[in-house]
Amino acid sequence: MALRFDILTTFPEMFGTEPPAALAVSIPGRARKAGLVEWHATDIRVFADNKHKKTDDRPFGGGPGMVMMCQPLWDAVLAAEALDPRPARRVLLTPQGRRLDQPMVEELAQSERLLLIAGHYEGIDERVVERLAPQEISIGDYVLSQGELAAMVLIDAVTRLVPGVLGDEGSAVADSFSPAGPDRKRLLDHPHYTRPAEWMGMPVPDVLLSGDHARVARWRLERALERTTQRRPDLLKPDLPAD
Ligand code: 9D3
């Protein structure tokens, strides 16, 4: 059965299924048409129990911005979960979360169903976060104005790992961030070249025209290691002990 994403948002229109919606094209678009993934947005606002359809309120203790109220989010989560009998893994997209990386994406891709909570608000009342006990995930150390974009990043990264989604099964395995380096470390990609063999006086490296597949493979690994060492030495550092 298809991997199902439920997105809880106050902007459900961002998760349309027709182009030009971001997820309706390219690999996620094809995956959806092939029935390998599906997504459904639940509008949190519909669950506001007040006549103004208010889902947020001013923070206790003062300060700027608005805080998502407990009740609408709680009711929206329970309603979204009831749309399908399969249990959903709850994920809250938040700058306070653990930073997403490819091993986490691989883990999430094992799920049958992911429930993603995304927002435009400054924060969520901590009590509903405590009750929902979601996995809290950030997509990186920068500030977005729309948590929905983080949800889309996660959906895109997970979708391409669903079995059958990539036409050429090799490209998921061989690309950047697949373990290939010393100690099965994940490396940055090697440089790529295509025709013409000379452009603006710049030739393509000879080895790539040699037809010697073993030499090509060795050259690519060396260039990947070189780039990783120069640009992302953090990727080559030994893992810290888990505890
Ligand atoms: C003033 C404090 N802000 C935190 C830095 C509040 C705030 C800013 C932006 C709260 C939420 C947001 C919207 N961002 C997300 O919802 C979000 C996010 C992000 O901004 N960066 C990286 N990953 C993520 S996941 C969700």
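The salt bridges of this predicted model number 14.

**Stop 1: Arg-113 and Asp-6.** Select both side chains. They meet in a salt bridge, with 2.9 Å from N to O. Now colour by secondary structure. Arg-113 sits in strand β6, residues 113–117, and Asp-6 in strand β1, residues 3–9. The two residues are 107 apart, so the pair links distant parts of the chain. Is Arg-113 buried or exposed? Arg-113 counts as buried, because its relative accessibility is 1%, under the 20% cut-off. Asp-6 is buried too, with a relative accessible area of 0%.

Stop 2: Arg-4, Asp-6 and Arg-113 are linked in a network of salt bridges.

**Stop 3: Arg-90 and Glu-81.** Clear the selection and pick these two. Their side chains form a salt bridge, 2.7 Å from N to O.

**Stop 4: Arg-186 and Glu-106.** Move on to another salt bridge, where the N to O distance is 3.1 Å. Which parts of the chain does this pair tie together? Arg-186 lies in the loop between α6 (170–174) and β9 (198–199), while Glu-106 belongs to helix α3, residues 102–108. The parts tied together are 80 residues apart in sequence. Arg-186 is buried, with a relative accessible area of 17%. Glu-106 counts as partly exposed, at 31% relative accessibility, because that value falls between the 20% and 50% cut-offs.

**Stop 5: Arg-32 and Trp-39.** Now turn to the rings. How many aromatic pairs are there? The count comes to zero. A ring still deserves a selection here: Trp-39 has the charged end of Arg-32 sitting over it, 5.8 Å from the ring centre.

**Stop 6: Asp-125.** Finish in the loop between β7 (123–124) and α4 (126–132), where Asp-125 lies. Asp-125 is buried, at 18% relative accessible area. A polar contact of 2.7 Å joins the side chains of Asp-125 and Arg-127. What else does Asp-125 touch, leaving out residues up to four places away in sequence? Select Val-67, Met-68 and Cys-70: Asp-125 touches these residues.

Key. Residues numbered from 1 in each chain as written. Predicted model: local features only at pLDDT ≥ 70, side-chain atom pairs only at ≥ 80, totals over all residues. Heavy atoms only, no water. Salt bridge = Lys/Arg side-chain N within 4 Å of Asp/Glu carboxyl O. Helix = DSSP H or I, 4+ residues; strand = E, 2+ residues; numbered from the N terminus. Buried < 20%, exposed > 50% of the residue type's maximum accessible area, 1.4 Å probe, protein only. Phe/Tyr/Trp six-rings, centres within 6.5 Å; stacked < 30°, edge-to-face > 60°. Lys NZ or Arg CZ within 6 Å of the ring centre and 35° of its normal. Polar contact = N/O pair within 3.5 Å; in protein donor to acceptor, adjacent residues only side chain to side chain. Contact = heavy atoms within 4.5 Å.
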